[in-house]
Amino acid sequence: MAAAHDLVVIGAGPGGYVAAIRAAQLGMSVAVVEKRAALGGTCLNVGCIPSKALLQSSHVYDDARRHMAAHGVKVGKVELDLAAMLKRKDEVVGATTKGIEFLFKKNKIAWIAGTATIEGPGRVAVARNDGGSETIEAKSILIATGSESMPLPGVEVDEKRIVTSTGALTLDAVPARMVVIGGGYIGLEMGSVWRRLGSEVTVVEFLDRIVPGMDSEVGKQFQRELGKQGIKFRLGTRVTGASAAKSGVTLTLEPAGGGEAEKLETDVVLVCIGRRPLTQGLGLEKAGVRLDERGRIEVDGRFQTSVPGIYAIGDVVAGPMLAHKASEEGVVCVEMLAGQAGHIDHNLIPAVVYTYPEVASVGRTEDQLKQDGVAYKSGKSPFTADPRSRANARTEGFVKVLTDAASDEVLGVHIIGAEAGTMIAEAALAMEYRASAEDIARTCHAHPTVSEALKEAALAAWDKPIHL
C-alpha cells in the first residue's frame, strides 16, 4: 500500500538531510530514501568528515615530529599508529552519522533504506536494502543524490593500488610513493595527509596550475607552500594509462600539449580529476526530467525541474559541488515549497581547502575582475604582520580584499593561512550584506587574533592601512 507524504527526499547527504529536517520543522510529513547503511551521504561517510579527521590527525603527527620543539616541547621519538588513526576517523564518522539519525527521530522523519526510482510526479518506487519493495506517494519529490568521482579513461580504479578519494581514506599502510592525478581541492587534501605520514607525493595536473578556479596569486603561493612540505608537481601533464601489479603502478604520462610519452612508477595512485552528478538509475528520462549538456538536472529559480512537483538540489544541479551549497539550497527549496521566500546567492558561497595552510575564498577573484574589465582596488595583509600569527608560529600566507573602485563594496576575499577556513565566514557575512572595505575596517576586531589580518587587508583596500 502506498504511503502518503508531503515530501519525499532521495538522498540523505548534506543537501537531502538538511532539507528533510527543515521541511519537517515547517510542518511537512517527510520521508527520505537513502541506499547507504548510514545517513549523511558521501560527505559524512566517505568525504568531508573522514578526510578532515585524517587531516587533523596527520597535522598533529606532523606537528609532533617537526614543530613542537620550537615551542619548547620535547616529545622524544614520535611513532605513527596508523590503525589507531583510522579507527579515530571511523569513530568521528560514526558519531556524526548517528547524530543525523537522532535528528530524524526527533523531527519524525521516515528513513527508508533502499534505492529509489522516480515513476512520475508524486510516485517513488523503492527497492529496499532488506529485499522488499514499496511505493511512496508524495506531493513533492526532491532529488539530492549528490555526485561521484569522475573516472579517467585508461586508469582503472580498484580501490587498492589505484584509488579514488574513498579508497584513500582506508589505506592500511603508508605508501612509499603516491601519485595524485588532479590538482584540485580533494587531491591536495588527501595528498597532504599521506605526505605528512611519510609518503613521497607527486601531483600530476593537466593544466599549468593547481586549483585553477582559485585566485591566481593565492594559487601560486599555495603551490609554493605545499612544495616546501615536500609535495612535487608535474603540471601541464596528461595521464594516458595505468598498469597495476603487486609491486606497484606504472603510469604513462604525456605533455598536455603533445609530445613524447614517459613512464612513472609509484605504489599508489589517487584519481581526483573531479566529480560528476549521480543521476543514473533514478528514472529521470522516463519521468521527463531534463538534463543539461554536463549531465546536471536543469532547475528553475525554485529548484523545480522540467517536471512540476519534482525538485533537485546540490551536486546534481549547476554550481560548485560543495556540501554547504547543497544544504543552503535544500533549506531554500523547502521554504519556498512552504510558501516562504527563500534566497541563496551562488556568488557568495565560500570555498575552503583544508590543507596546511588552509585556503579560503568567497566572491570574485582578481583574474575574473580583470577579465570583466571591472575597476577594482586590492588590499593585502600578510600574516607575518599579525601578532597572533607570530605567537602561533603560523605566519604563512596573507589576506586579500578586493573592492569596487568607485563604491568600495567588497567583491571578493581570498585567504591563505592557518585559520583561513574560519576567517572566511566573516567575509561571507560582510559580503551578504554588501559591506564596504570601510565597514570591515571600522569593525572592532579583538586583539590579538588572526582575524585582525582581515581588518588590516580591508584597511589597505580602503587606502588607510595601520600596520603595513
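This is a predicted model: local features need pLDDT of at least 70, side-chain atom pairs count only at pLDDT 80 or more; totals for chains, interfaces and linings use all residues.

Analyst: Residues are numbered from 1 along each chain as its sequence is written, and side-chain values use heavy atoms, with hydrogens and water left out.

User: Why is the contact of Asp63 with Arg394 called a salt bridge?

Analyst: The term requires a side-chain nitrogen of Lys or Arg within 4 Å of a carboxyl oxygen of Asp or Glu. The closest N and O atoms of Asp63 and Arg394 are 2.8 Å apart, so the pair qualifies.

User: What parts does the pair of Asp63 and Arg394 tie together?

Analyst: Asp63 belongs to helix α3 (residues 48–66) and Arg394 to the loop between α10 (387–391) and β20 (398–404), so the bridge joins parts 331 residues apart in sequence. Helices (H or I, at least four residues) and strands (E, at least two) are DSSP runs numbered from the N terminus.

User: Is Asp63 buried or exposed?

Analyst: Buried means under 20% relative accessible area, exposed over 50%, and partly exposed in between (1.4 Å probe, protein chains only). Asp63 has 15%, and is therefore buried; Arg394, with 17%, is buried as well.

User: What makes Glu217 partly exposed?

Analyst: Its relative accessibility is 28%, and Glu217 therefore counts as partly exposed. Lys380, its salt-bridge partner at 2.4 Å (N to O), is partly exposed with 37%.
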